[in-house]
Amino acid sequence: MRGECLEWALSTKEPHGVWGGYAEGERKQILQGKVKISA
(Lines give C-alpha, C1' and ligand atoms only; values in the text may rest on other atoms or scores of the structure.)
Protein backbone atom coordinates (compact mmCIF):
# COMPACT_ATOMS: atom_id res chain seq x y z
CA MET A 1 0.00 0.00 0.00
CA ARG A 2 2.83 2.39 0.79
CA GLY A 3 4.25 2.08 -2.71
CA GLU A 4 0.86 2.71 -4.26
CA CYS A 5 0.43 5.86 -2.20
CA LEU A 6 3.86 7.15 -3.22
CA GLU A 7 3.22 6.30 -6.87
CA TRP A 8 -0.04 8.26 -6.79
CA ALA A 9 1.56 11.26 -5.05
CA LEU A 10 4.39 11.37 -7.58
CA SER A 11 2.15 10.94 -10.62
CA THR A 12 -0.23 13.71 -9.50
CA LYS A 13 2.54 15.88 -8.02
CA GLU A 14 0.61 16.10 -4.75
CA PRO A 15 2.00 19.19 -3.00
CA HIS A 16 0.90 18.48 0.58
CA GLY A 17 1.32 15.83 3.26
CA VAL A 18 3.26 12.64 3.68
CA TRP A 19 2.50 10.02 1.02
CA GLY A 20 4.20 6.65 0.85
CA GLY A 21 6.49 7.67 3.69
CA TYR A 22 7.91 10.70 1.88
CA ALA A 23 7.29 14.36 2.72
CA GLU A 24 6.79 17.12 0.16
CA GLY A 25 10.47 18.03 -0.17
CA GLU A 26 11.55 14.41 -0.49
CA ARG A 27 9.01 13.75 -3.25
CA LYS A 28 10.18 16.87 -5.08
CA GLN A 29 13.75 15.56 -4.98
CA ILE A 30 12.59 12.16 -6.28
CA LEU A 31 10.81 13.84 -9.21
CA GLN A 32 13.93 15.90 -9.95
CA GLY A 33 16.04 12.73 -9.97
CA LYS A 34 18.13 13.83 -6.99
CA VAL A 35 16.98 10.97 -4.74
CA LYS A 36 16.32 7.33 -5.57
CA ILE A 37 13.41 5.51 -3.99
CA SER A 38 14.48 2.78 -1.60
CA ALA A 39 12.45 -0.41 -1.61
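Glu4 is found in helix 1, where helices are DSSP runs of H or I of at least four residues, strands are runs of E of at least two, and both are numbered from the N terminus. The model is a predicted one, in which local features need pLDDT of at least 70 and side-chain atom pairs count only at pLDDT 80 or more, whereas totals for chains, interfaces and linings use all residues. Residues are numbered from 1 along each chain as its sequence is written, and side-chain values use heavy atoms, with hydrogens and water left out.

With a relative accessible area of 55%, Glu4 is exposed; buried denotes under 20% relative accessible area, exposed over 50%, and partly exposed the range in between, for a 1.4 Å probe and protein chains only. The C-alpha atoms of Glu4 and Gly20 are separated by 7.3 Å in space and by 16 residues in sequence.

Gly21 is located in the loop that lies between helix 1 (2-12) and helix 2 (24-31), and it counts as partly exposed because its relative accessibility is 43%. Its C-alpha atom is 8.8 Å from that of Gly3, although 18 residues separate the two in sequence. When neighbours within four places in sequence are left aside, Gly21 is in contact (heavy atoms within 4.5 Å) with Arg2 and Glu26.

Arg27, by comparison, lies in helix 2 and is buried without a salt bridge, the nearest side chain of opposite charge being that of Glu24 at 5.5 Å. A salt bridge here requires a side-chain nitrogen of Lys or Arg within 4 Å of a carboxyl oxygen of Asp or Glu; for charge, Lys and Arg count as positive and Asp and Glu as negative, while His and the chain ends are not counted. A polar atom of the Arg27 side chain does lie 2.8 Å from the backbone oxygen of Glu14.

For the chain as a whole, 2 helices and 0 strands are assigned, and the C-alpha trace spans about 25 × 20 × 15 Å along its principal axes. Of the 39 residues, 18% count as buried. Among contacts between residues at least 6 apart in sequence, 6% join residues at least 24 apart. An unreviewed UniProt entry carries the annotation "domain: 4Fe-4S Wbl-type" over residues 1-29, and over these residues the chain is 59% helix and 0% strand, with the end C-alpha atoms 21 Å apart.

Note on methods
UniProt positions renumbered as here; feature names shortened; annotations may be inferred. Polar contact = N/O pair within 3.5 Å; in protein donor to acceptor, adjacent residues only side chain to side chain.
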